[in-house]
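Please have the viewer open as you go through the points.

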Amino acid sequence: MKYVWLLMAIGFSYILGSIPSGYVVGKLWKGVDVQTKGSGNIGATNVLRVLGWGPALVVLGCDLAKGALSVYLGILAYGTHGVALCGMAAAIGGAYSVFLRFRGGKGIGVGSGIVIAAMPMVAAVLAPVWLVVVLLTRYVSLGSVIVAGLAPVAAYGLHYPTEYVVLAAGAGGLAIIKHHSNIKRLISGTERKLGEKAE
């Protein structure tokens, strides 16, 4: 029976992660489809550029909550193994939403919620790194890619369970893959900086 609960929790975590917060907030708040504006991404950064701080903070809060809830579902279903499976399911849902024809965000908001809930010490270490990189460069994407890459290293160094290290590597790797276009623009010098408005 416990495996049935685990499968249900994994499925629900994927659906939860798939809820396109940026798309929903854009439509309800301003009647705007953020997929047609700016970078076309539904994450908080593009929502900030297109709609401003208020909607962006709502989207970020929703994405963090989705990631955190998947962790708690995993704990209830199957302990640390459940956290790894449900957290990864939520991360995949955020990146490849069933509601948006398997398109989605870059994985940072949901991934951050997962890390905050499951590995708070990793979040405490990586948050200042992200902040310093963004303040110095004004590239949100650069800070996101760096912390995504550092997440499994930090989880391992802080002696979290192996399942959590694997989760950090999986979610972090997914976020880096989803940032491939940003990485190309960073290399070419065409990436938008924080504070720049999008059309």
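1. Let us begin with a term: a residue is called exposed when its relative accessible area is over 50%, buried when under 20%, and partly exposed in between. Please also keep in mind that this is a predicted model. Arginine 101 has a relative accessible area of 74%, so it belongs with the exposed residues.

2. Staying with arginine 101, you will find this residue in the loop between α4 and α5, the latter spanning 108-118. Its backbone is worth a look: phi is positive, about 55°, although the residue is not a glycine.

3. Arginine 138 is another one to check. Here too phi is positive, at about 65°, and the residue is not a glycine. The loop that holds arginine 138 runs between α6 (120-137) and α7 (140-157). Is arginine 138 buried, exposed or partly exposed? Its relative accessibility is 39%, and because that value falls between 20% and 50%, arginine 138 counts as partly exposed.

4. Next, please look at how two helices pack. Helix α2 covers residues 21-30 and helix α4 covers residues 53-95; their axes come within 9 Å and cross at roughly 145°. The crossing of α2 and α4 is right-handed. On the α2 side the contact is made by Ser21, Gly22, Val25 and Trp29, and on the α4 side by Gly54, Pro55, Val58, Val59, Cys62, Asp63 and Lys66. Sorted by class, the residues of this contact are 6 nonpolar, 3 polar and 2 charged.

5. Serine 21, in helix α2, has a relative accessibility of 6%, so it counts as buried. Leaving aside residues up to four places away in sequence, serine 21 touches Val59, Cys62, Asp63 and Lys66. Cysteine 62 sits in helix α4. Its relative accessibility is 34%, so cysteine 62 counts as partly exposed.

6. Glycine 52 lies in the loop between α3 (44-51) and α4. With 13% relative accessibility, glycine 52 is buried, because the value is under 20%. From glycine 52 to isoleucine 42, 10 residues apart along the chain, the C-alpha separation is 13 Å.

7. Which residues line the second largest pocket? They are Gln35, Ser39, Gly40, Asn41, Ile42, Leu100, Arg103, Gly104, Lys106, Lys178, Ser181 and Arg185. By class, this lining has 2 nonpolar, 6 polar and 4 charged residues. The volume of the second largest pocket is about 180 Å³.

8. Proline 120 is 35 residues away from alanine 155 in sequence, and the C-alpha atoms of the two are 9.8 Å apart in space.

Notes:
Residues numbered from 1 in each chain as written. Predicted model: local features only at pLDDT ≥ 70, side-chain atom pairs only at ≥ 80, totals over all residues. Heavy atoms only, no water. Axes fitted to C-alpha atoms, helices over the stretch in contact; angles between N-to-C directions. Helix = DSSP H or I, 4+ residues; strand = E, 2+ residues; numbered from the N terminus. Left-handed = near helix turned anticlockwise from the far one by under 90°. Contact = heavy atoms within 4.5 Å. Nonpolar A, V, L, I, M, F, W, Y, C, P; charged D, E, K, R; others polar. Buried < 20%, exposed > 50% of the residue type's maximum accessible area, 1.4 Å probe, protein only. 1 Å grid on protein atoms, 1.4 Å probe; cavity = no way out; pocket = protein on both sides within 12 Å on 5 of 7 lines; lining within 4 Å. Points joined across faces, edges and corners; volume = space filled by probe spheres on them.
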